[in-house]
There are 2 protein chains.
Amino acid sequence: MLELYHYEPYANSMKCLLCLREKGLDFVSHYVDILKFEQHTPEFVALNPCGQVPVLVHDGAAISESTVINEYLEDVFPEVRLRPTDPVERAGMRVWNKFVDEVLMHSVSAIGWHLRFHPFVKKIDISEFKERLKHIPMKEMQDKWLKTHEDSFTEEELNEAKRRIRWAIEKLEQILAESFWLAGSAYSLADINTYPMIEGAARLYPEGCNDDAAPRTMEWLHRISQRPAVAEAFAYSRFGNAPGKAADAQAKR
Amino acid sequence: MLELYHYEPYANSMKCLLCLREKGLDFVSHYVDILKFEQHTPEFVALNPCGQVPVLVHDGAAISESTVINEYLEDVFPEVRLRPTDPVERAGMRVWNKFVDEVLMHSVSAIGWHLRFHPFVKKIDISEFKERLKHIPMKEMQDKWLKTHEDSFTEEELNEAKRRIRWAIEKLEQILAESFWLAGSAYSLADINTYPMIEGAARLYPEGCNDDAAPRTMEWLHRISQRPAVAEAFAYSRFGNAPGKAADAQAKR
């Protein structure tokens, strides 16, 4: 049996929802409300000591880290192939996925937390909030939540995040000038892992991620949006089942 | 034909030297002196647009990122197996390797650059140095080199790096209490990718990484040091062919 612990269908949770549905795999969905800090309960931390979504549980074995989960799904369910067979292309896919994890994801996340989470969490009484922080296993995430409650990200940090998003888009425009998909001729985990980040960038930073600034990237985004797996993944939203609606509803809560 | 562009046999370069030699693979070694900024020449940047070592060239195809290179070597030369066959253990190996790349490596690197590179580069005239920086393709690395020339890492940053190394050691002690190797019962890329970081931590931060603070980790380090591949990798040093000698010679230049 496959189970996925996930939040709204964007960012890292979306990567695994997309991969599962692209492979036509059914799974039991466990919605973890990260704004209710459900990812820091003892039950959840037993699954992932880092206290982060998503987590895949396969026949009782828990696997964390969205990029690793998607490689695991490919290792175990290779029928619908999402990893290039050519080893050089496969390495290219992994280099790109590292860039997504280490640069692009954090940059989109900074803007997302600032615009969507900060207005929400700042309403929580600070002593109650600090009590909640104690349950967060990783100091890095404690710091990130505390910052989001207080003054949130600085102008300088947000500008640096935007610069990195523009850098990622520059790379994407170059790749997509020569290739239909990001890691060779076939749709792969590189496209799946990048889609939620660019979907977020287009929504949260439209000045830098739009048809004029990123024509090939936006065309690629639109092309992926048409895939049935995307609609199937968005159906797991509790706020709406179309791109962007989830986050907009979130902001209005 | 296999070619490896690498610096001294530690940190990320060491990961690939170890993997190649563990698999008994012969290769042409190209020594890239990063203190002479040889990684920013147009020839090298043509191989890796990020301007970073190591780079593997296999029959003309260039592959960057040490973790990805090692997975590539496993994909193409699986005879000496360094990746668990069990998919859950394999996922565990990848989660650990991500932690090494995203947390441990940067922490050891901060201390190493501060102690070894800062005394060296601060002697270079600042205008000449800034001229060199212009050839660095990534802004992140420009900033890191400039910082290393100027006041280097702050006390706060170094303390945070040490905290993260202690966090990594805590995790290692837990894993090694239950398992002989880091990702299951066999020596794997998890051990190979971690070895150079802990070798560096023991040398650069002995107050936090020693037999008392990290008994199982140090025993594991010692056990790996006995493998022939380690001596073969250290033979690529231009400063000495035993652990630590390279960096010590570096500091004395």
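Chain A has 253 residues and a radius of gyration of 18 Å, which agrees with the value near 18 Å for a compact globule of that length. The model is predicted.

**Overall build**

Chain A holds eleven helices and four strands. Along the principal axes, its C-alpha atoms fill a box of roughly 55 × 45 × 30 Å. Take the contacts between residues at least 6 apart in sequence: 70% of them join residues at least 24 apart.

| Property of chain A | Value |
|---|---|
| Residues that count as buried, of 253 residues | 57% |
| Share of contacts, between residues at least 6 apart, that join residues at least 24 apart | 70% |

**Charges**

Chain A carries 31 positive and 39 negative charges.

**A buried aspartate**

D191(A) sits in helix α8, which spans residues 189-204 of chain A. Is D191(A) buried or exposed? D191(A) is buried, yet it has no salt bridge. The nearest side chain of opposite charge belongs to R223(A), 6.4 Å away. A salt bridge needs a side-chain nitrogen of Lys or Arg within 4 Å of a carboxyl oxygen.

Which residues does D191(A) touch, leaving aside its neighbours within four places in sequence? The contacts are with W181(A), L182(A) and A186(A), and also with W220(A) and I224(A).

Key
Residues are numbered from 1 along each chain as its sequence is written. Chains are lettered from A and ligands numbered from 1 in the order in which they are written. This is a predicted model: local features need pLDDT of at least 70, side-chain atom pairs count only at pLDDT 80 or more; totals for chains, interfaces and linings use all residues. Side-chain values use heavy atoms; hydrogens and water are left out. Helices (H or I, at least four residues) and strands (E, at least two) are DSSP runs, numbered from the N terminus. The radius of gyration is taken over C-alpha atoms; the globule rule is 2.2 Å times the number of residues to the power 0.38. Buried means under 20% relative accessible area, exposed over 50%, partly exposed in between (1.4 Å probe, protein chains only). Contact means heavy atoms within 4.5 Å. Lys and Arg count as positive and Asp and Glu as negative; His and the chain ends are not counted. The place of a charge is taken as NZ of Lys, CZ of Arg, CG of Asp or CD of Glu.
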